[in-house]
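Biologist: Hi, I'm new to this one. Could you walk me through it?

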Amino acid sequence: MTRFQNGSRLLSYTFFRSKKTPSTSPNAALLQGNFQIQQHRHFSNLARVTTKEEKEPRWKDSMDRLRNIGISAHIDSGKTTLTERILYYTGRIHEIHEVRGRDGVGAKMDSMDLEREKGITIQSAATYCTWNGYQVNIIDTPGHVDFTIEVERALRVLDGAILVLCSVGGVQSQSITVDRQMRRYEVPRLAFINKLDRMGADPWKVLNQARSKLRHHSAAVQVPIGLEDDLQGLIDLVKMKACYFHGSNGEKVVTAEIPAEMEALAAEKRRELVETVSEVDDKLADAFLTDEPISSSDLEEAIRRATVAKKFVPVFMGSAFKNKGVQPLLDGVSYLPCPTEVGNYALDQTKDEEKVVLSGTPDGPLVALAFKLEEGRFGQLTYPRIYEGVIRKGDFIINVNTGKKIKIPRLVRMHSDEMEDIQEAHAGQIVAVFGVDCASGDTFTDGSVKYTMTSMNVPEPVMSLAIQPISKDSGGQFSKALNRFQKEDPTFRVGLDPESGQTIISGMGELHLDIYVERIRREYKVDASVGKPRVNFRETITQRAEFDYLHKKQTGGQGQYGRVCGYIEPLPQGSTTKFEFDNMIVGQVIPSNFIPSIEKGFKEAANSGSLIGHPVENLRIALTDGAAHAVDSSELAFKLASIYAFRQSYTAAKPVILEPVMLVELKVPTEFQGTVAGDINKRKGVIVGNDQDGDDSIITVHVPLNNMFGYSTSLRSMTQGKGEFTMEYKEHSPVSQDVQMQLVNTYMASKGAE
């Protein structure tokens with residue numbers, strides 16, 4: 001049945017087109033190539049001029065009807081469900097699947113198995129659709145704070161965004177973070193209050209929260225008819241009509257007159273809308289102040305002007321799950337700017353990074369930014385956003401960051417994880433290319449200009465884990481996986497601990513790292529064991545101690561003989577070196593050719609202190625005397641003598657353990673300040689500063705790294721996900737006596753077990 005309906009729709013469309021063909025104007029026919037010139041030569045010149053004039057608006061019209069939008073929100077606000085409905089109503093998919101549906105298919109945009117299992121979005125996914133003549137490129141982004149780079153990358157290349165808010169949860173922590181990112185990239189936005197069918201839905205409360213917490217200058221462009229289980233439809237405040245959604249999936253939109261009992265509320269809300277927009281739009285303000293009747297087209301134009309100028313946020317409403325309010329939201333996408341209305345800058349590398357405004361038209365030289373990489377079945381898939389010019393299959397392009405010339409073997413448009421081959425793409429489009437080796441944030445040009453786009457803001461990782469493959473044979477696959485993930489995700493870092501030899505992975509939180517460990521297991525079939533990374537402790541001495549050691553060994557043939565005398569002492573505070581060796585011997589009691597091996601022996605001994613086996617630093621060794629044997633002395637004998645001499649005197653020098661102390665800066669809402677400060681004290685932290693920034697407190701503390709594991713999770717649970725922190729190394733400082741005893745006992749027990 002559906003096929004027949006779609007077919008009939010297509011058929012009628014074909015008739016419609018064929019009916020129009022005969023009445024085509026000469027100029028349009030000329031553009032289509034149907035018009036044969038059999039006139040005089042001067043007419044052909046006229047045709048050439050006309051063609052040129054016609055051609056200009058031709059791409060302009062397609063650019064004016066192009067929109068690049070992102071859908072972002074807090075966790076579980078309904079972003080992926082909303083995208084699923086948009087794809088269904090625009091004809092891109094033919095049946096609806098739920099995010100955690102019983103049919104086990106999962107939403108179209110959650111293409112990864114892990115996403116379907118957990119019911120969360122992990123990677124941003126791109127798709128495109130057409131609606132009322134507008135071509136819309138959509139990126140669905142994750143809501144979890146751990147995947148914040150995906151949102152950051154998407155917003156960097158989009159011209160507009162839809163901020164989805166839950167009608168019950170309202171403005172939540174990640175809504176604030178996403179809104180902050182939208183401000184950073186100056187992205188105009190619409191708000192969509194979703195889940196009006198839920199118990200306790202209150203769109204007006206959410207609208208007030210958006211005004212107070214997000215500082216949005218916003219007003220509703222719709223009023224819901226009923227709430228919770230009684231949600232029947234919406235009133236469009238611009239056209240002053242009621243909309244109802246009929247059909248099994250809400251695909252038939254029926255407009256009717258506003259119900260009599262809601263006329264007063266609708267009139268009041270429309271006046272509020274007009275008033276709010278006129279505060280930021282002069283043209284509407286003139287009409288409003290002179291009490292002229294404001295037509296729906298005037299109001300539409302004013303809303304669009306104010307939205308594009310980022311002075312106003314129109315608020316739409318509905319329930320994506322119950323298929324209500326999605327089509328009017330799609331109509332509202334026209335309020336967002338087209339690519340030519342957004343000012344994008346590039347930096348000219350030939351003129352000392354001077355800012356250049358890009359026209360955003362297909363006429364200029366090619367400028368494109370690779371904002372996302374993915375390892376596909378056919379190699380690396382690169383997502384570029386084209387800011388200017390045209391890109392064609394088979395073209396040669398230049399990666400400005402590396403200077404490499406690259407040929408484009410295949411150009412595709414993405415629909416989640418499906419691809420559609422295309423021959424060319426122009427400015428304003430988001431496409432994907434295969435076989436291009438580059439990093440995230442690289443700029444491509446056609447070689448005529450040397451521009452780079454400013455890259456996106458990459459937050460520092462806040463959490464680390466030690467990881468290693470369980471099987472020795474899977475080392476190759478393991479390192480391949482880590483290299484791939486590092487290239488795809490700038491917030492995922494891989495390092496090697498030089499002391500413990502462990503591979504350390506760092507990321508934005510425990511969920512972020514868990515997902516990667518799981519992906520290594522699924523995609524590369526490598527089981528990895530995850531542990532707490534070994535903290536880099538140090539040891540040092542606190543007082544001077546003498547040594548006098550004779551190493552004497554007699555075996556068959558040449559023996560070993562070497563004697564060293566002197567003292568070890570701590571270096572003064574603030575010294576630049578961590579190890580100093582002084583030869584204070586006068587005369588030749590030890591031949592000078594043995595001195596380097598004595599120094600080497602002491603250095604080797606200082607690599608592993610006797611308390612917990614960590615390196616010893618802030619150490620000065622003075623050699624004052626010694627003895628050598630004419631036959632038995634050798635470099636090895638003196639090296640061994642110095643190692644044993646160090647061990648003999650080390651205990652007498654009262655050694656202590658030093659632990660890394662981190663400088664942590666916390667940003668938490670003031671109401672959670674007491675709880676967070678109490679937790680810092682539990683972790684043996686010292687609060688060194690406390691400042692106020694709006695509604696937030698900024699607390700500066702020094703905390704031992706050993707007590708900071710799992711802190712990102714506990715901070716989020718203490719602050720309802722609103723707290724954030726940055727951590728950097730400050731210094732190594734002595735541990736307390738009880739901690740030292742505990743560490744020494746643990747070390748001795750592990751040595752005994754070996």
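Modeller: Happy to. One term before we start: contact means heavy atoms within 4.5 Å. With that in mind, residues of helix α15 such as Ser597, Ile598, Gly601, Phe602, Glu604, Ala605 and Ala606 meet Glu635, Phe638, Lys639, Ser642, Ile643, Ala645 and Phe646 in α16. Please remember that this is a predicted model.

Biologist: Thanks! What classes of residue make up the contact of α15 with α16?

Modeller: There are eight nonpolar residues in that contact, along with three polar and three charged ones.

Biologist: And at what angle do the axes of α15 and α16 cross?

Modeller: Roughly 40°, and the axes come within 7 Å. Helix α15 covers residues 595-606, while helix α16 covers 635-650.

Biologist: Let's zoom out. How many helices and strands does the chain have?

Modeller: The chain has 19 helices and 37 strands. Its length is 754 residues, and 50% of them are buried.

Biologist: What about contacts between residues at least 6 apart in sequence: what share of them join residues at least 24 apart?

Modeller: That share is 71%.

Biologist: Back to helices, then. How do α9 and α11 pack?

Modeller: Helix α9 (residues 263-278) and helix α11 (residues 296-308) pack at about 45°, and their axes are 10 Å apart. That angle makes α9 oblique to α11. Their crossing is left-handed.

Biologist: Which residues meet there?

Modeller: From α9 we have Arg270, Leu273, Val274 and Val277, and they meet Ser296, Leu299, Ala302, Ile303 and Ala306 in α11. By class, seven residues of this contact are nonpolar, one is polar and one is charged.

Biologist: One more helix. Which residues of α18 are buried?

Modeller: In α18, which spans residues 711-718, the buried ones are Tyr711, Ser712, Ser714, Leu715 and Met718. They lie on the same side of α18, because they cover an arc of only 165° around the axis.

Biologist: And what follows α18?

Modeller: Gln720 follows α18, and its phi is positive, near 55°.

Biologist: Great, that gives me a place to start looking. Thanks!

Terms used. Residues numbered from 1 in each chain as written. Predicted model: local features only at pLDDT ≥ 70, side-chain atom pairs only at ≥ 80, totals over all residues. Heavy atoms only, no water. Axes fitted to C-alpha atoms, helices over the stretch in contact; angles between N-to-C directions. Helix = DSSP H or I, 4+ residues; strand = E, 2+ residues; numbered from the N terminus. Nonpolar A, V, L, I, M, F, W, Y, C, P; charged D, E, K, R; others polar. Buried < 20%, exposed > 50% of the residue type's maximum accessible area, 1.4 Å probe, protein only. Arc of directions from axis to C-beta. Parallel < 35°, antiparallel > 145°, perpendicular 65-115°, else oblique. Left-handed = near helix turned anticlockwise from the far one by under 90°.
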